[in-house]
Amino acid sequence: MPKKKIFSKIPVYPMSVIIVGADVENKPNFLTVVWFSMVNFEPPTIAAVLNKGHYTNKGIRENKTFSINVPSTELLAVTDYCSVVSGFDHDKSKLFDISYGELKNAPMIQECPLTAECRVVQTMQFATHELFIGEIVATYAEDNILTREHPDIKKIKPILYSMYDNYYWELGKKLAHAMHVGKRFEQHN
Ligand SMILES: Cc1cc2nc3c(=O)[nH]c(=O)nc-3n(C[C@H](O)[C@H](O)[C@H](O)COP(=O)(O)O)c2cc1C
């Protein structure tokens with residue numbers, strides 16, 4: 001089918017929702033984030049893209065640490081709340097039970113079933129946003145979201161996001177085994 005050029009220049013659908021945490025002026029602060037990605041396998045490294053005007057950035061710049069927190073759909077309202085208010089004028093430090101790991105200043109959310117603490121190894125500046133690239137020092141998971149010791153997407157119940165309509169979505173059904181379904185395709189063509 002032919003395509004036409006569209007208004008939106010963002011081709012990423014859906015986006016997975018996380019909460020990024022940082023200590024800002026010695027208090028935990030959290031914001032909702034969908035612009036993030038793994039960028040290296042070994043050492044495991046992840047990058048989060050934050051608008052330069054956000055309160056959380058100040059803490060990440062100062063401490064050179066941040067946390068990644070994966071909320072389940074049960075945490076939808078408080079996850080969205082982290083996007084509705086800014087740490088500049090609202091204290092978000094009491095929203096969650098907090099734990100600290102090896103880094104001591106990357107606040108992780110106990111209620112999130114999957115969390116990680118990261119040490120900033122590089123920062124890149126763009127016109128409106130800055131990219132914080134962090135080496136993952138440790139990842140923590142609740143036992144009940146693991147299958148054979150690995151985080152299980154079905155048990156995590158991640159929140160997905162569609163930027164076009166500004167709505168949250170949940171996971172659909174499993175489709176096929178990666179790197180297997182393609183092999184069968186190869187054989188038949
Ligand atoms: C679903 C959703 C995803 C968001 N993703 C990002 C993101 O990837 N990067 C970003 O800078 N802001 C993002 N935001 C906006 C921030 O979460 C929001 O501005 C937040 O209040 C900033 O908090 P802070 O000033 O306390 O750091 C998102 C908002 C929503 C609703």
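Guide: This is a predicted model. Let us begin with a single residue and its contacts. Setting aside neighbours within four places in sequence, Val20 is in contact with Asn29, Phe30, Leu31, Val33, Ala48, Ile60, Phe66, Ser67, Ile68 and Asn69.

Visitor: Which residues of the largest nonpolar core touch the most other members?

Guide: A nonpolar core is read as a set of buried residues joined through side-chain atoms. In the largest one, which has 20 residues, Val20, Ile60, Phe66 and Ile68 touch the most other members. Two or more residues of this core come from each of β2 (18-24), β3, β5, β6 (65-70), β9 (114-125) and β10 (129-141). The largest share, four residues, is that of β9. Another core, of seven residues, lies apart from it and includes Ile19, Cys82, Phe96 and Cys112.

Visitor: Which elements supply at least two residues each to the shell around the ligand?

Guide: They are β3 (27-33), β5 (45-51), α1 (55-63) and α2 (76-84), and β3 gives the largest share, four residues. By type, the shell comprises 11 nonpolar residues, eight polar and one charged. Of the 20 residues around the ligand, Thr32, Asn51, Thr56, Ser86 and Gly87 come nearest.

Visitor: Where are polar atoms of the protein found relative to oxygen atoms of the ligand?

Guide: One looks for pairs of N or O atoms within 3.5 Å. A polar side-chain atom of Thr56 is 2.5 Å from a ligand oxygen atom. For His54, an N or O atom in the side chain is 3.0 Å from an oxygen atom of the ligand. Ser83 instead places a backbone N or O atom 3.0 Å from a ligand oxygen atom. Of the 650 Å² of accessible area that the ligand has on its own, the protein covers 86%.

Methods. Residues numbered from 1 in each chain as written. Predicted model: local features only at pLDDT ≥ 70, side-chain atom pairs only at ≥ 80, totals over all residues. Heavy atoms only, no water. Near = heavy atom within 4 Å. Polar contact = N/O pair within 3.5 Å; in protein donor to acceptor, adjacent residues only side chain to side chain. Areas by Shrake-Rupley, 256 points an atom, 1.4 Å probe, with all protein chains shown as cover. Nonpolar A, V, L, I, M, F, W, Y, C, P; charged D, E, K, R; others polar. Core = buried A, V, L, I, M, F, W, Y, C linked by side-chain atoms within 4.5 Å. Buried < 20%, exposed > 50% of the residue type's maximum accessible area, 1.4 Å probe, protein only. Contact = heavy atoms within 4.5 Å.
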